[in-house]
Amino acid sequence: MIQWTEVLDTLPLVAILRGLTPDEAVPVGEALYEAGFRCLEVPLNSPSPLDSIRRLADAMGDRAIVGAGTVLNAQAVRDVADAGGQIIISPNTNVDVIRTAKAAGLISFPAFYTASEAFAAIDAGADALKLFPAETAGPSTLKALKAVLPKTTPVFPVGGVDPGNMNTWRDAGADGFGIGSALFKPGRTVAEVRAAADAFVAGWRGGA
């Protein structure tokens, strides 16, 4: 069973598969895995997201961390856990969601935009934080926040990240990235997803 620390140490990139359908889930997941991705997120505003999470967890749960994004309440956390999800990712700082995820033995990965939100999330038990929307915050904001945040809490910018700007973010303190429509969007073929994944993996490893 893959551990969250292994994802952080090897390729800390989260694939955000918004709009994924259940029938696409495993082929897309396998293509991402072959490219090097080890964390797959199905946002809950996708079609039949719990079905997709269940299929991914059944097929890949021992090799990749599979879970949900856009998790907004405690009941949704429980639903994801029942589907086999291992990670709970949110677009906001909701301490009830964080605490419910940790009580269920899941990885908690909420979003923040301010220092107050970041520390509230950490106090509630968050395992990692996503800076969202990163494109409006910018690397200078991340650098300032990293100066005060615990070094043991990874911070992943999400929004506006591409292979060409990953090094700028990393220089500012990014520990990894969440990647959405630049990687996957409805209508994109498995081959196109794989090509995009390869570009992001090369972007990450090129700055290592």
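In strand β8, V155 lies opposite L129. Strands, like helices, are DSSP runs numbered from the N terminus (E, at least two residues, for strands; H or I, at least four, for helices). The model is a predicted one, in which local features need pLDDT of at least 70 and side-chain atom pairs count only at pLDDT 80 or more, while totals for chains, interfaces and linings use all residues. Residues are numbered from 1 along each chain as its sequence is written, and side-chain values use heavy atoms, with hydrogens and water left out.

Strand β7 (residues 129-131) pairs with β8 in the parallel sense over 3 bridges, pairing being assigned if DSSP finds at least two bridges between two strands. The open sheet has 3 strands in the order β6-β7-β8, with parallel pairing. Because β6 (111-112) and β8 (155-157) each have a single partner strand, they stand at the edges, and one side of each is left without a neighbour in the sheet.

Turning to the helices, the axes of α2 (residues 22-35) and α3 come within 8 Å and cross at roughly 45°; these axes are lines fitted to C-alpha atoms over the stretch in contact, with angles from 0 to 180 degrees between N-to-C directions. In contact here (heavy atoms within 4.5 Å) are P22, D23, A25, V26, G29, E30 and Y33 of α2 with D51, S52, R55, L56, A59 and M60 of α3.

One of these residues, S52, sits in helix α3 (residues 49-60). With 0% relative accessibility, S52 counts as buried (under 20% relative accessible area, with a 1.4 Å probe and protein chains only). Apart from neighbours within four places in sequence, S52 is in contact with L20, T21, P22, A25, V42 and P47.

Methods:
Buried means under 20% relative accessible area, exposed over 50%, partly exposed in between (1.4 Å probe, protein chains only).
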